[in-house]
Amino acid sequence: MFDSDLEQKNAVNPQRRWFLGGAAAAIGGLALWSWRRPHIVEALAAKAGPPKEVTIVRFSDSGQRLEKVRVMQVVKSEDEWRKQLSGNAFQIARHADTEIAFSGRYWNLHDKGIYRCICCDNALFSSTTKFDSGTGWPSFWEPIAKENVTEIRDTTLGMTRTAVACTLCDAHLGHVFDDGPRPTGLRYCMNSASLRFVPAV
């Protein structure tokens with residue numbers, strides 16, 4: 001009887017160890033993500049130094065290209081951004097968080113128009129380059145103007161990715177990947193919370 005109980009206990013232990021090990025790994029992974037999620041935007045700001053002039057292309061709300069201009073970056077304090085943005089938009093746009101897939105308001109939007117930065121109104125993307133990526137985030141195969149977005153090397157989460165920020169205000173928008181459709185082969189995977197959609201008139 002004792003031997004049988006011992007064998008049963010030993011049979012259960014590997015499963016229990018696997019479960020406990022998996023739980024510990026998940027908790028550790030979440031802690032590491034929380035610690036390393038940092039602040040792509042802050043890294044960009046540290047690299048950039050004080051506010052500077054940047055080149056962007058202005059667009060009308062109808063999506064018409066207007067002019068290329070040199071303007072000063074939009075810089076605000078943390079408190080000013082908090083007052084301007086919702087809590088979710090603040091965490092995503094100013095602290096490089098990511099919204100849950102299929103939760104944003106634009107992932108399944110098919111209306112014609114342009115997408116502007118939620119922080120500074122800079123034109124970022126057009127509905128003409130939006131496509132259904134199946135990822136649950138709004139995806140585009142190119143920005144409305146290459147000058148209007150900035151790409152940043154992102155090494156958080158133990159991998160190397162390319163983050164995308166608004167050139168005018170350094171708002172975190174999302175990431176760009178090389179698995180998109182032609183003609184560019186790119187997928188700009190954006191957070192709805194970082195965008196403001198302006199319907200075509």
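1. Let me begin with the overall contacts. Of the contacts in the chain with a separation of 6 or more, 56% come from residues 24 or more positions apart, a contact being heavy atoms within 4.5 Å. Of the 201 residues of the chain, 41% count as buried; buried means under 20% relative accessible area, exposed over 50%, and partly exposed in between, with a 1.4 Å probe and protein chains only. The chain has 4 helices and 11 strands, taken as DSSP runs (helices H or I with at least four residues, strands E with at least two) and numbered from the N terminus.

2. A word on the basis of all this. This is a predicted model, in which local features need pLDDT of at least 70 and side-chain atom pairs count only at pLDDT 80 or more, while totals for chains, interfaces and linings use all residues. Residues are numbered from 1 along each chain as its sequence is written, and side-chain values use heavy atoms, with hydrogens and water left out.

3. On confidence, the chain averages a pLDDT of 84, and 76% of the residues score at least 70; pLDDT is the predictor's confidence in each residue, from 0 to 100. Please keep an eye on residues 4-36, where pLDDT stays under 50 and the model has 6 contacts beyond four places in sequence.

4. Now to the aromatic residues. The structure holds 7 aromatic pairs; rings of Phe, Tyr and Trp (its six-membered ring) pair if their centres lie within 6.5 Å, and planes under 30 degrees apart count as stacked, over 60 as edge-to-face and the rest as tilted. Tyr 106 and Phe 197 make a tilted pair, because their ring planes stand at 55°, with the centres 6.2 Å apart. This pair links distant parts of the chain, 91 residues apart: Tyr 106 is in the loop between α4 (87-95) and β3 (113-117), and Phe 197 is in strand β11 (residues 195-199). Tyr 106 is buried at a relative accessible area of 8%, and Phe 197 is buried at 13%.

5. The rings of Phe 125 and Phe 140 have their planes at 20° and their centres 4.4 Å apart, so this pair is stacked. Phe 125 belongs to strand β4 (residues 123-126) and Phe 140 to strand β6 (residues 139-140), 15 residues apart. Both Phe 125 and Phe 140 are buried. One aromatic cluster takes in Tyr 106, Tyr 115, Phe 125, Phe 140, Tyr 188 and Phe 197.

6. Which strands form the open sheet of 3 strands? The order is β4-β3-β11, with antiparallel pairing; two strands pair if DSSP finds at least two bridges between them. The edge strands, β4 and β11, each pair on one side only. β3 and β4 are joined by 3 bridges, and Arg 116 stands opposite Ala 123 in β4.

7. Strand β10 (residues 187-190) is worth a look. Arg 187 and Cys 189 point one way from β10, Tyr 188 and Met 190 point the other way, and all are buried. β6 and β10 pair in the antiparallel sense over 2 bridges, and Phe 140 has Tyr 188 as its bridge partner in β10. Strand β9 (residues 172-177) also runs antiparallel to β10, joined by 4 bridges, with Cys 189 as the bridge partner of His 175.

8. Phe 59 lies in strand β1 (residues 53-59) and is buried, with a relative accessible area of 9%. Leaving aside neighbours within four places in sequence, Phe 59 is in contact with several residues, including Leu 66, Arg 116, Ala 123 and Ile 144. Phe 59 and Ala 123 are 64 residues apart in sequence and 6.3 Å apart in space, C-alpha to C-alpha.

9. Finally, some backbone details to check. Most residues other than glycine have a negative phi, and most peptide bonds are trans. Ala 96, which follows α4, has a positive phi near 60° and counts as buried at 6% relative accessibility. Phe 102, in the loop between α4 and β3, has a positive phi near 65° and is partly exposed, at 47%. A cis peptide bond joins Arg 182 and Pro 183, with omega about 10°; Pro 183 is in the loop between β9 and β10.
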